[in-house]
Protein chains: 2
Amino acid sequence: MTDKISKNNNVTWFNGYVSREDREKLHGHNGALIWFTGLSASGKSTIAHMVEKLLHRRGCSTYVFDGDNVRHGLCSDLTFRPEDRAENIRRIGEMVKLFVDAGMIVLTAFISPYRKDRRKVRSLLKDGQFLEVYVECPPEVCATRDQKGIYAKAKAGVIKEFTGISAPYEAPENPELVIRSYKEDASEAANRVIKLIEQCGLIK
Amino acid sequence: MTDKISKNNNVTWFNGYVSREDREKLHGHNGALIWFTGLSASGKSTIAHMVEKLLHRRGCSTYVFDGDNVRHGLCSDLTFRPEDRAENIRRIGEMVKLFVDAGMIVLTAFISPYRKDRRKVRSLLKDGQFLEVYVECPPEVCATRDQKGIYAKAKAGVIKEFTGISAPYEAPENPELVIRSYKEDASEAANRVIKLIEQCGLIK
């Protein structure tokens, strides 16, 4: 913790200053972003929440972002058109960058279908602060898990521009981890994410 | 910490679930938003950073938002026109709501000139989670403190729609605290904010 003192108008302004490092020390771990990407109903959100639970048990400060807490709030003005999807991911990236600066371990579960958009988020963070986890699952399998019936609606053309059906999904080329959720158990996958976070030295 | 278990596709999905209360327990204090409002160079940011430092020393998880970390990132596409100012505050409100849900004490230092916009942010949070702090200071005094010379530029008409000079500032009607930074020392003001946070039961 350092102090910045400036003088102007004959008044000494004392700017208390708490850095990312100070906050990380308080939390006992580094700030980081675990970015899950994959089709709708591939299991991103389930695994992210399981990882959060495991991290919380270890005393880590965590937060999960998904469509539920972003699409109705920060990005409520955006559609699913490509340019709005890009803006959606841009805003999320800028927001989670600040959460990482706050010394938190952030887990995000967004389809985030475009490589370019994910690359931009990675570029906002320092090396080692961004871990991309690709949750791979064929659309046919996702469709069988889909409780809301959105895959059926997409196939019938009722929902337009649906990723994996009528809109593209660009799989990551060099993700830090691949989870094959069509043959891998979610709790096993969550443990592999924890192992990755440990290996990267983000938690002890 | 509760568990949500759902069954579909013959697979048991176990959704680990960490609540705001769990995160607050971990941090040892409640999540809250301390919203500083006032003219440019009124001292909002200085006081907010001093409060953060005092809270951090007491082991609180904190974060300060101001123009520096928001206008260049999340809101880099917005101008200073009234409709963009409203969108700026809307996005900040939605973002900090999630920080509060993450169990952090958030301090924001934005001019936020319109009552309507500030009221909207208040409405996003629960009673007692939002504390409005009005940093009152006459524009003439702010101008003498202004290191960047933006008041002079605003008076000369070089900068348009400058709050307090050529754009309106709507003072809060019922703020939780008023700081008169033209006659009150910043460190004294910061201590009064801490006292308010204590009185509201947000920290012990």
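Trainee: Which residues point one way from strand 4 of chain B, and which the other way?
Mentor: B:Thr62, B:Val64 and B:Asp66 point one way. B:Tyr63 and B:Phe65 point the other way. In a regular strand, side chains alternate between the two faces of the sheet.

Trainee: What should I know about the model before we go on?
Mentor: It is a predicted model, where local features need pLDDT of at least 70, side-chain atom pairs count only at pLDDT 80 or more, and totals for chains, interfaces and linings use all residues. Residues are numbered from 1 along each chain as its sequence is written, chains are lettered from A and ligands numbered from 1 in the order in which they are written, and side-chain values use heavy atoms, with hydrogens and water left out.

Trainee: And what counts as a helix or a strand here?
Mentor: Both are DSSP runs, numbered from the N terminus: helices are H or I with at least four residues, strands are E with at least two.

Trainee: Back to strand 4 of chain B. How many of its residues are buried?
Mentor: Five of its five residues are buried, so the strand is mostly covered. Buried means under 20% relative accessible area; exposed is over 50%, and partly exposed lies in between (1.4 Å probe, protein chains only).

Trainee: How many bridges join strand 4 to strand 5 in chain B?
Mentor: Five bridges, and the two strands run parallel. Strand 5 covers residues 105–109. B:Phe65 stands opposite B:Thr108 there. Two strands pair if DSSP finds at least two bridges between them.

Trainee: What is the strand order in the chain B sheet?
Mentor: The order is 4-5-3-6-7, in an open sheet of five strands with parallel pairing. Strand 4 and strand 7 (177–180) of chain B stand at the edges, each with a single partner strand, so one side of each has no neighbour in the sheet. On average, neighbouring strands are turned by 20 degrees against each other, direction ignored.

Trainee: Which helix packs on that sheet and touches strand 4?
Mentor: Helix 2 (residues 44–57) of chain B does, and it also touches strand 3, strand 5, strand 6 and strand 7 of chain B. Its direction makes about 170 degrees with that of strand 4. Touching is about contact, which is heavy atoms within 4.5 Å. Helix 8 (residues 186–199) of chain B lies across strand 3, strand 6 and strand 7, at about 175 degrees to strand 7.

Trainee: Switching to chain A. How many helices and strands?
Mentor: Chain A has eight helices and seven strands. Of its 204 residues, 54% count as buried. Its C-alpha atoms fill a box of roughly 70 × 40 × 25 Å, taken along the principal axes.

Trainee: What about the chain A sheet order?
Mentor: It reads 4-5-3-6-7, an open sheet of five strands with parallel pairing. Strand 6 (residues 130–136) and strand 7 of chain A are joined by four bridges. A:Val133 stands opposite A:Leu177 in strand 7.

Trainee: At what angle do helix 4 and helix 5 of chain A pack?
Mentor: About 20 degrees, with their axes 9 Å apart. Axes are lines fitted to C-alpha atoms, for helices over the stretch in contact, and angles run from 0 to 180 degrees between N-to-C directions. Helix 4 and helix 5 of chain A are therefore roughly parallel to each other. The cut-offs: under 35 degrees is roughly parallel, over 145 roughly antiparallel, 65 to 115 roughly perpendicular, and the rest oblique.

Trainee: How does helix 4 of chain A pack with helix 4 of chain B?
Mentor: The angle is about 55 degrees, and the axes are 11 Å apart. That makes the two helices oblique to each other. The crossing is right-handed: right-handed is when the near helix is turned clockwise from the far one by less than a right angle, left-handed when anticlockwise. Among the chain A residues that meet chain B there are A:Met95, A:Leu98 and A:Phe99.

Trainee: Which residues touch the most other members of the largest nonpolar core?
Mentor: A:Leu33, A:Phe65, A:Phe99, B:Leu33, B:Phe65 and B:Phe99, out of 44 residues. Such a core is a set of buried Ala, Val, Leu, Ile, Met, Phe, Trp, Tyr and Cys residues joined through side-chain atoms within 4.5 Å. Strand 3 (32–37), strand 4 (62–66) and helix 4 (82–101) of both chain A and chain B each give two or more residues to this core.

Trainee: What is A:Leu33 in contact with?
Mentor: Leaving aside neighbours within four places in sequence, its contacts include A:Val96, A:Val100, A:Val121 and A:Phe130.
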